[in-house]
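Here are a few friendly notes on the aromatic contacts, for you to follow along with the structure open.

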Amino acid sequence: MSLSFSIAATDGPARLGTITTPHGEIETPVFMPVGTLGSVKGVPQHLLEELGVQIILGNTYHLYLRPGHEAIREMGGLHRFMSWDRSILTDSGGFQVFSLNELRKVSEHGVEFRSHLDGSSHFFTPERSMEIQIALGADIVMAFDECTEHPAGRARARESLEMTSRWARRSKEYFEAHKHEVPWAFRIRKKKTQDVSTPVSRAGESAREPSSAQPDKSSGVGRDVGDETQSLFGIVQGGMYSDLRRESAERLLELDFPGYAIGGLSVGEPRELTREIIASTLPLLPKDKPRYVMGVGYPEEIVEYAAMGVDMMDCVLPTRAARHGLLFTSEGRMNIKNARYVRDQQPADSKCACMVCARYTRAYLRHLFVSGEPLAAVLNTIHNLSHYLDTMRSVRHAIKLGELRAKLSEATPVTEQTS
Ligand SMILES: [Zn+2]
């Protein structure tokens, strides 16, 4: 089993669950910090572990350009390369190709684009995206999709979703044919060869016999990962049209993915529309599989979407905002560079239990930021991530107690969704 999802409790449409990947367990609903280039900017891996991060994101586009997926494959995959033994998800590269490249050329075959680093020309196809993501070796990989721009007319959104559907099929076909090439498969085979102490001439086959495999200690969960591979999720597109979203979801369901994402949101549309699309798309996705909304959101949004039944979310917001001096707190947003904090002895958030709030004052955080000290980004990021992770912990706790909707109505002014 490469990915399993179990639901322990529900509260309305919200679900408390556990996703198990070859690299451990993830409690859901989960917020996934973004580690674009194999690093959650400013925060080393041992601190991410200490914060309780169970899964991070890597960006296929960026890692393909630098250091290159072949280099990462040779280093044993992204887990080994960055020394992160917990779960990883990589995006397909589609979003960056579409958002960072104005000169891209899209055809049925794929997308030609220029590197934002040196202007060199590259070509991504669904097959190429899969090949790169298999080399990177994340536990969860994403089908190659076209992120439909906003605003997009109906005809354009339909054409785009139809191509995304065909690309999803090509992604799946390539993935199924090549998924055993993931770098940790070689690691397991090598380890098994060492463990049995006698030479194994057909190690590749023996690695697929789960009953005799040794646990992989580096996985942190002591389980046999010998027969496990990555898992490929499909992405629902369809612009801001509920009926096109339905069509996209129906086509993806035919391909039977182990999890589904709602993509093409947070592309400049009003928040109410984001919410509307999520609300109308979620019921179309299987209840027994993880449901992932890509690229959201503010703390109050992730609570709201979890309450609607979303299991996974990711966003650069807590990390990017931190580097600009914007802190998320229980009292709202705080701009730490503000002169009013010059002699403020309080922690950034007196209700926050994070290592930054336990130790440093607003005055010190402000000083670091206005002085351009690199530590400012580190401490601000640790606090913001803690705030997001604690928010999701309290959401999970509330689902367990059946109190999420009560929590939602007191925490956010937005009207409750009906479902
Ligand atoms: Zn804090």
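1. Let me start with a group of rings: one aromatic cluster is formed by Tyr 61, Tyr 64, Phe 113, Phe 124, Phe 144 and Trp 167. Please keep in mind that this is a predicted model.

2. Across the whole structure, the search turns up ten aromatic pairs. One of them joins Phe 144 and Trp 167, which are stacked, with 5.0 Å centre to centre and 25° between the planes. The angle counts as stacked because it falls under 30 degrees.

3. Where do Phe 144 and Trp 167 sit in the chain? Phe 144 lies in the loop between β10 (140-142) and α7 (154-178), while Trp 167 belongs to helix α7. The two are 23 residues apart, so the pair links distant parts of the chain.

4. A second pair to look at is Tyr 298 with Phe 328, an edge-to-face arrangement at 6.1 Å centre to centre and 75° between the planes. This pair also links distant parts of the chain: Tyr 298 is in the loop between β13 (291-293) and α12 (299-308), and Phe 328 is in strand β15 (residues 326-329), 30 residues apart. Here Tyr 298 is partly exposed, with a relative accessible area of 27%, whereas Phe 328 is buried at 2%.

5. Finally, do have a look at Phe 257: the charged end of Lys 172 sits over its ring, 5.4 Å from the ring centre.

How values were computed:
Residues numbered from 1 in each chain as written. Predicted model: local features only at pLDDT ≥ 70, side-chain atom pairs only at ≥ 80, totals over all residues. Heavy atoms only, no water. Phe/Tyr/Trp six-rings, centres within 6.5 Å; stacked < 30°, edge-to-face > 60°. Helix = DSSP H or I, 4+ residues; strand = E, 2+ residues; numbered from the N terminus. Buried < 20%, exposed > 50% of the residue type's maximum accessible area, 1.4 Å probe, protein only. Lys NZ or Arg CZ within 6 Å of the ring centre and 35° of its normal.
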